[in-house]
Amino acid sequence: MEDERSFSDICGGRLALHRRYYSPSCLEFCLSCPRISLRSLTAVTCTVWLAAYGLFTLCENSMILSAAIFITLLGLLGYLHFVKIDHETLLIIDSLGIQMTSSYASGKESTTFIEMGKVKDVIINEAIYMQKVIYYLCILLKDPVEPHGISQVVPIFQSAKPRLDCLIEVYRSCQEILAHQKAASTSP
Amino acid sequence: MVLKAFFPTCCASADSGLLVGRWVPEQSSAVVLAVVHFPFIPVQVKELLAQVQQASQVGVAVLGTWCHRRQEPEESLGHFLEGLGTLFSHEPWLQLCRERGSKSWNCKATRRQGPTPLAPACEDQVMLIFYDQRKVLLSRLHPPAALPERQAGDATASAGGLAAVFDTVARSEVLFQSDRFDEGPVRLTHWQSEGVEASILVELAKRAAGPVCLLLACLLSLVSAASACRVFRPWPLSFIWSKLSTCEQLRHRLDQLTLVVSAHRAEGPAQLMRKANTLVSVLLDMALGLLLLSWLHRKDRFAHLAEALVPVADRVAEELQHLLQWLMGAPAGLKMNRALDQVLGRFFLYHIHLWISYIHLMSPFIEHILWHLGLSACLGLTVALSILSDIISLLTFHIYCFYVYGARLYCLKIHGLSSLWRLFRGKKWNVLRQRVDSCSYDLDQLFIGTLLFTILIFLLPTTALYYLVFTLLRLLVVTVQGLVHLLVDLINSLPLYSLGLRLCRPYRLAAGVKFRVLEHEAGRPLRLLMQINPLPFSHVVRTYRLPSCGCHPKHSWGSLCRKLFFGELIYPWRQRGDKQD
């Protein structure tokens with residue numbers, strides 16, 4: 001069962017939340033970030049090349065121009081491979097764990113899986129980010145030493161940064177599945 | 001809890017039979033290790049399982065049945081399979097079923113609610129997780145989960161659920177030894193059932209490794225015995241050996257090689273990786289060293305280097321002389337105390353004169369020395385770089401001497417000034433209480449003290465300038481040497497074998513797992529594919545870094561600045577085990 005809705009992130013960009021319901025115990029949320037805009041790409045390229053041309057007129061060395069082209073290409077490839085995230089996915093499987101995947105624009109995927117035994121809870125927390133106060137969804141991990149303590153806070157959807165309405169959707173579904181998990185673990 | 005069945009991908013196309021594996025009750029998961037095919041004799045199956053359990057300390061049991069059938073379900077087979085449940089009793093009893101040629105699977109897990117066999121059975125929900133048996137067997141989780149020691153019988157999996165799966169598969173290697181060409185009583189399907197794979201080169205290398213290691217170990221023990229003999233003990237020689245970084249590097253390499261060729265087997269996977277990393281690092285070092293040697297010999301570069309060395313040393317000495325002449329005049333427009341200036345300037349100029357004579361004395365022998373030193377590059381690039389660092393320190397010995405003179409003079413002056421400043425204010429340093437106390441001085445003490453204080457303070461700019469200039473020169477030399485040492489450190493400590501393994505066989509070094517949901521139809525059980533998430537390169541370097549010489553700067557920036565201000569001597573690149581000067 002699939003379902004797609006559009007939301008906005010904290011800067012006003014458009015996000016698409018894609019929800020896939022596989023079974024009562026397995027749910028997947030896919031949040032797609034806004035694409036790289038042609039305008040900003042052109043602006044950066046023009047700036048770099050103008051600066052290189054300015055240096056060239058000063059130094060009369062044509063190596064500067066080829067170096068500028070090289071730098072622009074490498075910079076673009078590096079940006080697509082290491083910085084620009086295309087979409088972020090959250091997969092919750094009851095009694096197995098929670099998996100977070102970030103897919104970069106070049107196709108690279110980086111995955112983290114947290115076992116259900118380590119998850120204490122999923123909450124919406126507030127944070128001060130530059131001049132704003134934003135909400136973010138995070139997973140609380142249990143402390144192995146202290147039963148009521150928290151050892152780590154893992155934020156989800158860090159680069160998409162959706163607003164509260166999107167977070168509430170995801171939060172509700174996560175809590176339904178975690179409730180199953182808690183009921184199963186407390187029952188004999 | 002939902003029951004999780006870990007199923008190997010190699011058994012997905014196997015014929016019908018029994019599922020054999022381990023049941024982990026805490027995680028409610030069944031790890032299937034192999035499929036036993038029909039026909040079989042139940043007693044022989046039970047015997048085989050008991051043997052495997054004894055050899056591997058893993059609680060292997062029959063978990064259920066596997067049915068790989070055509071489109072029309074065969075009634076007789078269905079009843080037969082259910083009847084097997086009474087023969088090999090296991091709670092819960094798993095029944096996996098797949099239609100041939102399609103992707104639809106069926107799973108059922110039944111659990112009896114009462115002690116008698118006729119009690120009603122309840123069904124659990126099942127989730128299928130496919131895993132690649134070969135990759136899970138060969139991989140190693142980081143950080144390694146602290147599993148309890150192997151006990152007789154079933155070891156309790158108090159570790160995380162997935163670490164238990166990895167552990168189960170890794171310890172059941174004895175189950176995977178028989179393939180389908182063996183004439184055993186029981187036919188199994190697992191990842192090696194098509195035949196055990198091995199490489200001829202690896203087997204030959206293993207056979208040859210024994211005698212070669214023995215030979216190398218003997219050679220190395222001879223070398224270390226020779227280096228520890230009494231000839232090198234007396235004081236001047238031992239002092240020189242401790243100062244030269246080449247000796248330190250050679251000793252480090254000797255230790256590493258002794259570790260690699262030692263006859264003991266590696267205790268655990270971490271030790272094995274360390275040995276492999278050390279071996280690859282030493283081999284690469286030697287290869288780079290030989291490359292350097294061949295490049296140096298190609299266009300007779302040794303002669304060029306030797307010819308260039310003496311003029312360069314002369315040039316450096318000349319530049320120092322110009323610098324001293326400049327300091328003796330009016331450097332940067334500052335007015336120096338003429339007498340002190342002349343004394344210091346002449347003193348240092350005489351040293352430079354001695355140094356130039358020394359260099360000229362050595363010049364006929366330089367080429368031969370360089371050639372013999374260059375031969376040592378075949379011991380490794382790190383040795384060649386250490387020799388370079390030593391040559392730099394020998395050639396700039398005069399700068400080091402000037403720095404020491406300037407620093408001592410400045411240090412004395414600063415201490416004198418601080419003590420006389422206290423006298424000027426009527427205080428003194430109480431050594432017993434380690435603090436400044438007031439003190440009543442006599443008039444003549446005060447008079448002489450103030451005079452000396454004035455003299456010292458007016459001579460301060462001259463001394464401070466000389467100190468500043470020579471400290472900057474010394475820091476420059478130290479920076480160059482530091483870069484060379486950094487490079488040597490990098491070659492010494494980079495774990496190349498682990499990096500290569502991460503590049504070519506990423507499943508061997510696992511940071512965790514990742515899941516992918518496979519095609520799902522309503523009414524069918526959920527199917528997931530478990531893949532290995534490899535360790536990122538930065539973590540690989542951090543976990544498997546080799547211990548290096550330990551040539552790290554011992555001071556923080558703050559303490560360095562403080563030492564420079566007070567004129568204390570600095571040794572930023574201290575070798576391990578050196579005494580304070």
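**View 1. Polar contacts between chain A and chain B.** In this predicted model, four residue pairs make polar contact between chain A and chain B, both partners being at pLDDT 80 or more. Salt bridges between chain A and chain B number zero.

**View 2. The side of chain A that touches chain B.** Three strands of chain A each supply at least two residues of this side: strand 2 (14-23), strand 4 (85-93) and strand 6 (109-115). Strand 6 of chain A gives the largest share, three residues. By class, this side of chain A has seven nonpolar, four polar and two charged residues.

**View 3. Contact and buried area.** Here 13 residues of chain A are in contact with 16 residues of chain B. Together, chain A and chain B bury about 1,400 Å² between them. Carbon and sulfur atoms carry 65% of that area. Tyr22(A), Ser95(A) and Leu96(A) supply 35% of the area that chain A buries against chain B.

View 4. An unreviewed UniProt entry carries the annotation "transmembrane region" for residues 278-296, 343-361, 373-396, 445-469 and 475-499 of chain B.

**View 5. Two of these spans in close-up.** Residues 278-296 of chain B are 100% helix and 0% strand. The end C-alpha atoms of residues 278-296 lie 27 Å apart. Residues 445-469 of chain B are also 100% helix and 0% strand. For residues 445-469, the end C-alpha atoms lie 35 Å apart.

Definitions and conventions:
Residues are numbered from 1 along each chain as its sequence is written. Chains are lettered from A and ligands numbered from 1 in the order in which they are written. This is a predicted model: local features need pLDDT of at least 70, side-chain atom pairs count only at pLDDT 80 or more; totals for chains, interfaces and linings use all residues. Side-chain values use heavy atoms; hydrogens and water are left out. Contact means heavy atoms within 4.5 Å. Buried area is the accessible area (1.4 Å probe) that two parts lose on being put together, summed over both. A salt bridge is a side-chain nitrogen of Lys or Arg within 4 Å of a carboxyl oxygen of Asp or Glu. A polar contact is a pair of N or O atoms within 3.5 Å; within protein, one must be able to donate a hydrogen and the other to accept it, and residues adjacent in sequence count only if both atoms are side-chain atoms. Helices (H or I, at least four residues) and strands (E, at least two) are DSSP runs, numbered from the N terminus. Ala, Val, Leu, Ile, Met, Phe, Trp, Tyr, Cys and Pro count as nonpolar, Asp, Glu, Lys and Arg as charged, and the others, Gly among them, as polar. UniProt positions are given in the numbering used here, feature names are shortened, and annotations may be inferred rather than shown by experiment.
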